[in-house]
Every structure is written in structure tokens, then in C-alpha cells.
Amino acid sequence: MTELLSMCSSKRPNELARMIESWNKTASCDGSRLAIYVAEDDPNIEEFKKITLPARAKIEYGPPKTMVEVLNYFSMEKYLYFGYYHEINDDHACITHGWDAMMKEAIDSKNGGLSIVYGKTKNMPTSVAYGSKLVRALGYFLPPAFHHSHVDNWISSLGRSANLLKYVPEIEIEHMHPLFGKGKRDSIYAWVEADKEYGGKVYRDEMFKMPALTKKIRELSSQCINTEVKTENPSDKIKVIIGLPSDFGPLHKDWDNPGKSSWRQKWLRGNDPEYTESASMPAIKPAPKTRECEKCIISKGLGQIYCGWCGRKIP
């Protein structure tokens with residue numbers, strides 16, 4: 001499926017209602033969906049149940065989960081068949097009309113869909129979207145050890161080290177956070193702040209794993225891996241392609257902008273056994289690149305396998 005799923009863990013019914021309204025007004029793709037998770041023991045559960053939901057949105061009530069548990073649950077268990085996964089909080093406001101279509105296009109334009117897209121931001125990437133290829137490659141949307149705090153730091157670090165980030169300044173999904181003078185501090189923000197010490201420890205632990213994770217993503221991006229998953233209809237199956245052709249790599253001139261070029265269409269069809277008219281995989285060879293950019297030394301100091309800016313393999 002080539003549609004986008006926005007995922008939200010909410011503890012504030014009033015803020016959630018405003019976010020849903022802005023999401024529904026600005027998401028332009030008919031197939032875009034909004035999945036919301038609310039703990040069944042939330043003290044405001046009756047207020048949540050009063051929210052009027054558009055046809056494209058759904059609230060699920062269940063056992064208490066952290067934000068990260070919710071994002072991983074939706075993307076890795078509940079809704080496996082989406083092509084794009086987008087994280088959004090109840091204190092976000094979608095401003096740009098058609099942001100979902102723009103995110104999908106941007107994801108497809110970098111690394112053949114193995115990418116992370118974000119819009120206008122005041123500091124680190126927030127309200128990001130992944131291609132499903134990246135979610136399957138990682139095995140999660142976010143590392144399960146996190147609760148809430150420091151996940152933006154981790155996304156930024158992974159995106160830089162593995163050359164996954166795609167910035168689209170035309171997309172504005174505003175974070176109505178007290179830090180930016182846009183909201184009032186409440187008990188939920190206090191709870192998140194209390195998680196900072198734990199989140200910082202998890203982030204440091206995850207940074208030790210970053211070089212190996214970067215290598216894994218780079219290796220996957222040069223392979224072609226097909227897996228099958230079931231949709232909500234048990235009789236249906238779809239293929240999830242989480243890699244690229246083996247002869248396509250980060251040094252190729254089209255690495256950052258494959259778009260919908262003929263090689264990619266041929267490759268996608270060539271890996272579908274039910275598509276009998278497909279052509280063979282095209283032979284795209286990585287272009288040699290030996291000259292380092294000014295940022296290579298920074299990537300080398302971080303222990304990265306590839307430069308997070310130019311994509312060059314660090315000697």
C-alpha cells in the first residue's frame with residue numbers, strides 16, 4: 001500500500017481534538033489515515049470518547065503504553081500495510097495543505113524511499129515521516145528502550161550518520177509547545193521532562209550502537225530484500241521491499257533523487273513475481289568518489305562508516 005499513516009499517542013483530549021481538526025483539513029490524500037492511542041485507564045477517557053472523529057481517523061483504547069511503544073505497535077504490529085509512517089503529537093498543528101502528499105514525494109525522492117522526511121522546525125526534526133522500507137529495515141519506528149524523551153536526538157543522529165534526512169521547508173506542522181511560547185505547561189509536559197534523565201541514558205546507550213546500525217542501513221540499501229506481511233484481511237498479502245538493487249549505492253549520481261525514474265519502476269516490477277511483463281533489473285553502477293568533503297573528518301571522529309553529508313565511505 002502506498003498510503004500514509006499518522007500515529008499519535010494522546011493524553012490530552014482538548015489538544016487532540018484541535019490536532020485532529022487541523023490534520024483532517026490539511027491532509028490531501030484520500031488514503032491518508034490517523035491512528036490514535038489512548039490508555040484505557042486515562043482519567044479523561046470520557047472526554048476522549050466525546051471527540052467527533054472524521055472518517056479517516058480512529059482512536060484505539062488499550063493498556064497504558066509509552067509514546068514509543070505506541071509508535072512501534074502501530075507501525076510494526078497493527079498497521080503493517082502502509083507505505084509511509086508519520087509521527088504526530090496531540091500538541092501539533094498541521095498548517096500546510098497537502099503536507100502528506102509532499103512527505104510521500106520527498107521520501108520517494110531520497111534513497112529510493114529509505115529515508116526520513118521532516119518540515120519546518122525550530123530546532124531538531126519533529127513530526128517526521130519514514131518510508132516503510134526504513135521501518136522494516138530497522139525493525140522498529142524508534143528503539144524500544146526509549147519512552148518519550150530524546151527520541152528527536154536519536155532520529156537526528158541516525159539521519160545524519162546514515163544520510164537519511166530529507167528537509168522540506170515548505171511543510172509546516174507546528175509544535176504548539178511551551179518551549180516555543182505556543183502552549184501552557186501542564187502535568188503531561190512535566191511528566192515528559194521527568195523522563196529526560198532516563199531518555200538521556202538510553203540515547204547515550206543507543207549512540208554506542210549507532211556505527212553498527214549505520215552500517216546495517218547502508219548494507220541494506222545496497223540489497224534487494226522482499227518480505228511478505230498480512231494485512232487486516234487475512235486472505236490478502238502484500239510485498240514489502242526494504243532495499244535497493246544490489247548495484248545501486250550512495251555514490252551513484254541519482255542516489256539522492258531517484259524519484260520515479262525508469263530504473264526504479266523496472267526494479268519494482270522485476271521483483272514482483274506476479275508481474276510477468278517486467279524487464280530485468282537495470283545495471284546502475286556506483287560512480288567512484290575519492291575526494292573527501294569538509295565534513296568527512298567529523299563523521300570519521302564519530303566512528304561512522306559513511307560520511308553523513310556526502311555519503312563517501314570513510315577509509
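**Figure 1. The side chains of Y73 and E60 meet in a polar contact.** In this predicted model, 2.6 Å separates the paired atoms of the Y73 and E60 side chains. Y73 is placed in helix α3, residues 67-78. E60 is placed in strand β3. Y73 has 15% relative accessibility, under the 20% cut-off, and therefore counts as buried. E60 has 17% and is under that cut-off too, so E60 also counts as buried.

**Figure 2. Surroundings of E60.** Which residues contact E60, leaving aside its neighbours within four places in sequence? They are I36, Y37, V38, Y73, F74 and K78.

**Figure 3. Surroundings of Y73.** Residues up to four places away in sequence are not counted here. Beyond them, Y73 touches Y37, E60, K65 and K78. Y37 and K78 are also among the contacts of E60. A further view takes in Y140. Y73 and Y140 are 67 residues apart along the chain. Their C-alpha atoms are separated by 8.8 Å.

**Figure 4. E40 in the loop between β2 and α2.** The loop between these two elements holds E40. Is E40 buried or partly exposed? E40 is at 48% relative accessibility; this lies between the 20% and 50% cut-offs, so E40 counts as partly exposed. Not counting residues up to four places away in sequence, E40 touches I45, G62 and P63. E40 and E60 are 20 residues apart along the chain. Their C-alpha atoms are separated by 8.9 Å.

**Figure 5. Strand β2 pairs with β1 and with β3.** Both pairings run in the parallel sense. β1 and β2 are joined over five bridges. One of the bridge pairs is S6 with L34, the latter in β2. β2 and β3 are joined over six bridges. β2 is mostly covered. Of its seven residues, six are buried.

Figure 6. The unit made by β1, α1 and β2 is right-handed. Helix α1 covers residues 13-26, 14 residues in total. From first C-alpha to last, α1 reaches 20 Å. That is close to the 20 Å expected at 1.5 Å a residue.

**Figure 7. The buried residues of α1 and what covers them.** Which residues of α1 are buried? They are P13, L16, M19, I20, S22, W23 and T26. An α-helix has 3.6 residues a turn, so residues three or four places apart point the same way. Several elements cover the buried residues of α1. Among the strands are β1 (4-9), β2 (33-39), β3 (57-62) and β5 (92-94). Helices α2 (45-49) and α4 (99-108) also contribute.

**Figure 8. Helix α4 is mostly covered.** How many of the 10 residues of α4 are buried? The count is seven. They are W99, D100, M103, K104, A106, I107 and D108. In turn, α4 is part of the cover over the buried residues of α1.

**Figure 9. Strand β4 is covered on both faces.** β4 spans residues 84-87. Y84 and H86 lie on one side. Y85 and E87 lie on the other. All four are buried. β4 pairs with β1 in the parallel sense, over four bridges. In that pairing, L4 has Y84 of β4 as its bridge partner. Strand β7, residues 129-131, runs antiparallel to β4, and three bridges join them. There, A129 of β7 stands opposite H86.

**Figure 10. The whole chain, for orientation.** The predicted chain contains 10 helices and 11 strands. Of its 315 residues, 53% are buried. The chain exposes about 15,200 Å². Carbon and sulfur atoms supply 51% of that area. Consider the contacts between residues at least 6 apart in sequence. Of these, 69% join residues at least 24 apart.

Conventions: Residues are numbered from 1 along each chain as its sequence is written. This is a predicted model: local features need pLDDT of at least 70, side-chain atom pairs count only at pLDDT 80 or more; totals for chains, interfaces and linings use all residues. Side-chain values use heavy atoms; hydrogens and water are left out. The expected span of a helix is 1.5 Å times one less than its number of residues. Buried means under 20% relative accessible area, exposed over 50%, partly exposed in between (1.4 Å probe, protein chains only). Contact means heavy atoms within 4.5 Å. Two strands pair if DSSP finds at least two bridges between them. A crossover is right-handed if, with the strands pointing away from the viewer, the path from the first strand over the helix to the second runs clockwise. Accessible areas come from the Shrake-Rupley method with a 1.4 Å probe; for residues, only the protein chains shown count as cover. A polar contact is a pair of N or O atoms within 3.5 Å; within protein, one must be able to donate a hydrogen and the other to accept it, and residues adjacent in sequence count only if both atoms are side-chain atoms.
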